[in-house]
Amino acid sequence: MGWATPAAPPRQRPGSNTGAGARGGAAHPSEGCTVCCPSADREERLLPSGLVHARWGRGRARGSFEVSHGGLYLSEEHRLSGLLGAGFQQFGNEEQLQSNPLQHLFEVYVQVNKAAAEDENIKKLAQDFFRKLEARDQQTLSMWQHFRDFSIEEYVRIYKRLGVHFDEYSGESFYQEKSQEVLKMLDTKGLLQKTIKGTRVVDLSEKRDLSLSSTVMRSDGTSLYITRDLAAAIDRMQKYNCDTMIYVTDKSQNTHFEQLFQILKLMGYQWAERCRHVSFGLVQGMKTRKGEVVFLEDVLNEARSRMLQNMASAKTSKELENPLETAENIGLAALIIQDFKGLLSSDYQFSWDRLLQSRGDTGVFLQYTHARLHSLEQMYRNGQSTDINTACLQDPQAISVLQHLLRYDEVLYKSSEDLQPKHIVSYLLTLSHLAAVAHKTLPVKGSAPELAQVLSRNSWLQANPDCHGLSLDLFSVTARLRLFQAARSVLANGMKLLGITPVTQM
């Protein structure tokens, strides 16, 4: 079992409203929602069995709704949530909200952010909205719940497109009241100190001289992101007794999570050692045909559209039963592989041309290889035997594939240890290249009908290996077919771990 935030669709790195976005997280109105998700992608799929809690989100000031290495983001940070609430009162339209929630809320945010830069009263309205939200004013909560419900409907729809399902949605705002309990606990343990400005901090310095501290309460008594995160972590561990808690956000929050885990340890929670932060970097140069502001759905649509065009113009493309679905799956594979190829915390330059290449280290190439191997397997499926003479696989190309297949468990373990999908991506790309070379240099001789007829006599030939002079060729062909079948099976398995649906035709 795993966890995630509701607004952080599976990891893709499509950029941001500035052309460079923080990869990953998405939250929803005023909340860093967590969601129990046994089948959610991201690193959760690479973890060993057991109960895993993972939270996706971030608090980047400019983040709002951009698609950024994982999704749509509606910040929970108090200034932004207050701005959005105040902004909707000024610029919002209920009809547009119902028609296209994320787009409209984004437009409202842009408008109110611009207005706040010129009008101090807007800032005061935003602060007042947030204070009311924390005080659980019914009218304010009702408006925010309204935003949240519409947003989550959109997230569910987009997650479904990505093959992700969440069992439970819960958000950071659920811990506003419990954050006060955390403050009392910190005070009781002698960890809470008051500053000259009236804020409350926890001293994290080695010498206990406040040279390094974390603010957990504002001077007006409202809680902070880290206070609610503390309350959430404690509650979730008590509720689910997780083997591991994983927080997946952009790397600008590294310090935040270091301090979060440190405070939990100071409070005496030994399980804080089992909390981990997986950070991601920036996607640069991300654009769709619609312009600079990038939404995940726009990226998915454009990837599908470009693949449809490529498939239509390719001479080798077959007539497909559902070309739209095939293009969708290939486009998703292209996005995911580009995103997962490198270290998650690294930045990279987004390129549609590179991403959709049919040759090279791309998701399109993985899909092409799988479809080709699947076609080969289906062509001879009626004649395959369970009796394989592996001595026939002595060719260097066959040995390379076999040796690589043996490394699969090792690669899975490595990814589960450091929570980096790049190991699996590299493995699958290498497997695809090796399988392509083997398929070219180790042909399966004979036409399909002829070979199937010969293969059906396999048991008799094995019992009479000196007959007809066919056995050597037959055994080699049968062994090669089984080798390609094994390569396709592992390739499909690895792709599914990364959230990719293998295609069988393209």
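**Exercise 1. Where in the chain is leucine 210 found?**

Before we start, note that this is a predicted model, in which local features need pLDDT of at least 70, side-chain atom pairs count only at pLDDT 80 or more, and totals for chains, interfaces and linings use all residues. Residues are numbered from 1 along each chain as its sequence is written, and side-chain values use heavy atoms, with hydrogens and water left out.

Solution.
- Step 1: Leucine 210 is found in the loop between S7 and S8. Strands (E, at least two residues) and helices (H or I, at least four) are DSSP runs, numbered from the N terminus.
- Step 2: Look at its backbone: phi is near 65°, a positive value in a residue other than glycine.
- Step 3: With a relative accessible area of 39%, leucine 210 is partly exposed. Buried means under 20% relative accessible area, exposed over 50%, and partly exposed in between (1.4 Å probe, protein chains only).
- Step 4: Arginine 208 is also found in the loop between S7 and S8. Arginine 208 has a positive phi of about 55° although it is not a glycine, and its 48% relative accessibility makes it partly exposed.

**Exercise 2. Work out the order of the strands in the open sheet.**

Solution.
- Step 1: The order is S6-S7-S8, with antiparallel pairing. Two strands pair if DSSP finds at least two bridges between them.
- Step 2: S6 (192–194) and S8 (213–217) stand at the edges with a single partner strand each, so one side of each has no neighbour in the sheet.
- Step 3: On average, neighbouring strands of this sheet are turned by 45° against each other, direction ignored. Axes are lines fitted to C-alpha atoms, for helices over the stretch in contact (heavy atoms within 4.5 Å); angles run from 0 to 180 degrees between N-to-C directions.
- Step 4: S6 pairs with S7 (residues 200–203) over three bridges; arginine 200 in S7 is the bridge partner of lysine 194.
- Step 5: Helix H8 (residues 254–266) lies across S7 and S8, at about 80° to S8.

**Exercise 3. Describe the ring pairs of tyrosine 247 with phenylalanine 257 and phenylalanine 261.**

Solution.
- Step 1: Rings of Phe, Tyr and Trp (its six-membered ring) pair if their centres lie within 6.5 Å; planes under 30 degrees apart count as stacked, over 60 as edge-to-face and the rest as tilted. The count comes to ten aromatic pairs.
- Step 2: Tyrosine 247 and phenylalanine 257 are tilted, 5.0 Å centre to centre with 40° between the planes. This pair links strand S9 (residues 244–250) to helix H8.
- Step 3: Tyrosine 247 and phenylalanine 261 are tilted too, at 5.7 Å and 55°.
- Step 4: Tyrosine 247 and phenylalanine 257 are both buried, and so is phenylalanine 261.
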